[in-house]
Amino acid sequence: MNWLERHHVDGLRVDAVASMLYLDYSRNDGQWIPNEHGGNHNLQAISFLRQFNDTVHRLHSGVLTIAEESTSFPGVSQPPSHGGLGFNFKWNMGWMHDTLRYFSTDPLYRRHRHNDLTFGMLYQFSENFVQTFSHDEVVHGKGSLMNKMAAGSMTDKARNLRALYGLQWTWPGKKCLFMGQEFGQSSEWNFAGQLDWGLLQYADHLGTQKLVRDLNKLIQTEPALHQRDNNGDGFAWVRGDQADQSLLAYLRFGNNSSDSLLIVCNFTPVTRTNVRYGVPAGGFWREVLNSDAADYGGSGLGNLGGVKADDQEWDHQPHSVSLTLPGLSVLVLKRA
């Protein structure tokens, strides 16, 4: 309670929860004793975590608790009254590792790793997830997030990173970056030094910062990006099977049908034209964000502000739009 009552922190992240939950975590046979039921769950640790979360939320209702838990232990973000551990959120470690593996793959071969992008939707709504790129990924020789992007020039890496952020912000779940990632710091994080703010004199880094700024604005102003984050009815695939082209298209929904968004991702450097996707309504679909816009240091290619939907059924939707997809980009469109 000291952190909450004396230091007024607004959230607590509990590290390495998996090591608390399992008696045999990182231990070999003979190095652990089963619980009273003969299983490997640490019943005392589970009871403590439930009590911890219950106490925090009872005494400080506005404080968030977040678990770093790397297994599929059920109910981490469900209340203890429903058999859960009581955390508000759980870091989505699987999504983090899968997407970083995908974006560190040369775009030429990404068609073989398409499942890394789509697999996460199978379990996305089993917990209240945070889509995170944490401190653990940019220390101890792992390199910066910018330099994890597939081989190429710094401009290529920056376009990849902006596309990755476009995916992260438009995917269900809350968002978390570690310091320096918001402008694409090139070097690995060093706790003994300051961030490389001088990089903002370069278009690749300044553009990345501008995109993160605009993504943050978008997630606040577009209900479809926050109202149904933890519900499966807030997301629908349009096309998730275009592995050969490294394309993804999906819809996000708010509480009102007028708030629906179409998100289209192109994860190769090839610009694609006249690509058709189904949409749930006719009229003009405005391009509210393009991660490859010139203002972010990108190519500036796009759809000239938006496109008009045709009365042509496509992708099991009653209407459709024909789009230009810049290379290494994420587009967000909304019916005007």
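**Strands, helices and cores**

Modeller: A249 stands opposite V264 in β8. Keep in mind that this is a predicted model.

Biologist: Which way do β7 and β8 run, and how many bridges join them?

Modeller: Strands β7 (residues 247–252) and β8 (residues 261–266) run antiparallel, and six bridges join them.

Biologist: What is the strand order in the open sheet of six strands?

Modeller: The order is β6-β7-β8-β13-β10-β11, with antiparallel pairing. At the edges stand β6 (235–242) and β11 (306–308); each has a single partner strand, so one side of each is left without a neighbour in the sheet. From one strand to the next, the twist averages 20 degrees.

Biologist: Which strands does α7 touch?

Modeller: Helix α7 (residues 154–170) packs on the sheet and touches β7, β8 and β13 (329–335). The direction of α7 makes about 40 degrees with that of β13.

Biologist: And where does α8 lie?

Modeller: Helix α8 (residues 203–221) lies across β10 (284–290) and β13, and runs at about 135 degrees to β10.

Biologist: How do the axes of α7 and α8 cross?

Modeller: The two axes come within 10 Å and cross at roughly 10 degrees. Angles under 35 degrees count as roughly parallel, and α7 and α8 are therefore roughly parallel to each other.

Biologist: Which residues meet there?

Modeller: From α7, the residues are M154, T155, A158, L161, R162, Y165, G166 and W169. From α8, they are D204, H205, G207, T208, L211, V212, L215, N216 and I219. By type, the residues of this contact between α7 and α8 divide into nine nonpolar, six polar and two charged.

Biologist: Switching topic. What about the sheet of five strands, parallel or antiparallel?

Modeller: The pairing is parallel, and this open sheet has the order β1-β2-β3-β4-β5. Its edge strands, β1 (11–14) and β5 (174–177), each pair on one side only. The twist here averages 25 degrees from one strand to the next.

Biologist: How many bridges join β2 to β3?

Modeller: Two bridges join β2 (residues 64–67) to β3 (residues 89–91), and these strands run parallel. A67 has K90 in β3 as its bridge partner.

Biologist: Which strands does α3 lie across?

Modeller: Helix α3 (residues 43–59) lies across β1 and β2, at about 155 degrees to β2.

Biologist: Now the inside. Which residues have the most contacts in the largest nonpolar core?

Modeller: They are F103, Y165, L167, C265 and F267, in a core of 43 residues. The largest share of this core, seven residues, comes from α7. Y165 also takes part in the contact of α7 with α8.

Biologist: What does F103 touch?

Modeller: Leaving out residues up to four places away in sequence, F103 touches R110, L117, K148, M149, A150, N160, A163, L164, L167 and F267.

Biologist: What about the other core?

Modeller: Another core lies apart from the largest one and has 18 residues, among them A249, Y277, A309 and L323. A249 is the residue opposite V264.

Biologist: Why would such residues sit together?

Modeller: In soluble globular proteins, nonpolar side chains tend to be buried together.

Biologist: Last one, H97. Where is its place, and how exposed is it?

Modeller: H97 is in helix α4 (residues 93–103). With a relative accessible area of 38%, H97 is partly exposed. H97 and L117 are 20 residues apart along the chain, and their C-alpha atoms are separated by 10 Å.

Key. Residues are numbered from 1 along each chain as its sequence is written. This is a predicted model: local features need pLDDT of at least 70, side-chain atom pairs count only at pLDDT 80 or more; totals for chains, interfaces and linings use all residues. Side-chain values use heavy atoms; hydrogens and water are left out. Two strands pair if DSSP finds at least two bridges between them. Helices (H or I, at least four residues) and strands (E, at least two) are DSSP runs, numbered from the N terminus. Axes are lines fitted to C-alpha atoms, for helices over the stretch in contact, and angles run from 0 to 180 degrees between N-to-C directions. Contact means heavy atoms within 4.5 Å. Angles under 35 degrees count as roughly parallel, over 145 as roughly antiparallel, 65 to 115 as roughly perpendicular and the rest as oblique. Ala, Val, Leu, Ile, Met, Phe, Trp, Tyr, Cys and Pro count as nonpolar, Asp, Glu, Lys and Arg as charged, and the others, Gly among them, as polar. A nonpolar core is a set of buried Ala, Val, Leu, Ile, Met, Phe, Trp, Tyr and Cys residues joined through side-chain atoms within 4.5 Å. Buried means under 20% relative accessible area, exposed over 50%, partly exposed in between (1.4 Å probe, protein chains only).
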